[in-house]
Amino acid sequence: MEDFVVLNNGVRMPRVGLGVYAIPVNQTKDAVLTALSLGYRHIDTAQLYKNEAEVGEAVRASGIPRKEIFVTTKLWGARDYEDAKRSIARSQRALGIGVIDLLLIHWPGEDNLGVYKALEEAYQAGDVRAIGISNFVENLFPSFIKQVDVVPAVDQVEAHVFCQQKGLRKMMAEAGVVPEAWSPLGSGEHKIFGNPVLESIAKKHQKSVAQVALRFLVQSGFVIIPRTTKAKHMQENLDVLTFTLDPDDMKRIESLNNAKSLFGWW
Ligand code: NAD
């Protein structure tokens, strides 16, 4: 399996990234530098996480050519087109890395089309390499993509072994939108680690439960952005690209799906 997916505009996006939600501001630069030193080339931040500046600092300090690192950020709470334009400018300033690789609307709001228009303009102006959405699920996704000029490259949604997003994924595949999984480990608090099915599959492959849970997503077509500040876990999570689950393992994990958000979103 290639270690990247090709987005609908030809841009390559690494399949595994580091999510930096809830990593304290004073630990973010170190976490990102550690990840980059281990071979990560994809970082997922957001205005909401308040650590865009530290992500940018790490990217600049890493010595790795800027174009080799894929950085995603997300606009939070933009009300309309004008507000979104100002919001994009704030993220550009905070990150300080020039062109943003992927810019998402973090959460649907009142004026998604107006906000997205500002993303389309930033894309057309070459300020961002790709644009997309996050948390647009079955109730919004089909109508939204019909009304926009630039089909989103990505829809980032909650996805893990208990919430596999099968219906939405089908819609995304038909529209050429790459599915990206947030909380791919259920944010660490939700029974993935003690699950007997995952434990038995992990034992069989001599991998960790986290690796099995993540590999399932990657093998199902998702880009994943697990969060950790520990180098050992970063390495484990990146290594999911190097083993394969059997069709039977995949079926057993598919049976864990209850299609519900762990956080009560849908
Ligand atoms: P996650 O599902 O990645 O789980 C993180 C937890 O798993 C942490 O407690 C971590 O210590 C633990 N962990 C990580 N790797 C491990 C390993 N190999 N072994 C054992 N434990 C391990 O949690 P998350 O932060 O909720 O989601 C990941 C990323 O998704 C976020 O950081 C953020 O970038 C993104 N996100 C986006 C949205 C959105 O609305 N778009 C919402 C939530 C999260």
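This is a short tour of a predicted model, stop by stop.

Residues are numbered from 1 along each chain as its sequence is written. Because the model is predicted, local features need pLDDT of at least 70 and side-chain atom pairs count only at pLDDT 80 or more, while totals for chains, interfaces and linings use all residues.

**Stop 1**

Helices (H or I, at least four residues) and strands (E, at least two) are DSSP runs, numbered from the N terminus.

**Stop 2**

Go to Tyr 49 in the loop between β4 (42–44) and α2. The UniProt annotation "active site", from an unreviewed entry, covers Tyr 49; such annotations may be inferred rather than shown by experiment. Is Tyr 49 buried or exposed? Tyr 49 is buried, because 21 other C-beta atoms lie within 10 Å. The cut-offs, with C-beta atoms placed from the backbone, are 20 or more others within 10 Å for buried, 12 or fewer for exposed, and in between for partly exposed. Leaving out residues up to four places away in sequence, Tyr 49 touches Val 20 and Tyr 21, where contact means C-beta atoms, placed from the backbone, within 7 Å.

Lys 50 is in the loop between β4 and α2. Lys 50 has a positive phi of about 60° and is not a glycine. Most residues other than glycine have a negative phi. With 14 C-beta neighbours inside 10 Å, Lys 50 is partly exposed.

**Stop 2: Ser 187**

Move to the loop between β9 (178–182) and α7 (196–205) and select Ser 187. Ser 187 is not a glycine, yet its phi is positive, about 65°. Ser 187 is partly exposed, with 17 other C-beta atoms within 10 Å.

**Stop 3: helices α2 and α3**

Finally, show helix α2 (residues 52–61) and helix α3 (residues 81–95), whose axes come within 7 Å and cross at roughly 45°. The contact joins Glu 52, Ala 53, Val 55 and Gly 56 of α2 to Ser 91, Ala 94 and Leu 95 of α3. By class, this contact has four nonpolar, two polar and one charged residues.

Conventions:
Axes are lines fitted to C-alpha atoms, for helices over the stretch in contact, and angles run from 0 to 180 degrees between N-to-C directions. Two residues are in contact if their C-beta atoms, placed from the backbone, lie within 7 Å. Ala, Val, Leu, Ile, Met, Phe, Trp, Tyr, Cys and Pro count as nonpolar, Asp, Glu, Lys and Arg as charged, and the others, Gly among them, as polar.
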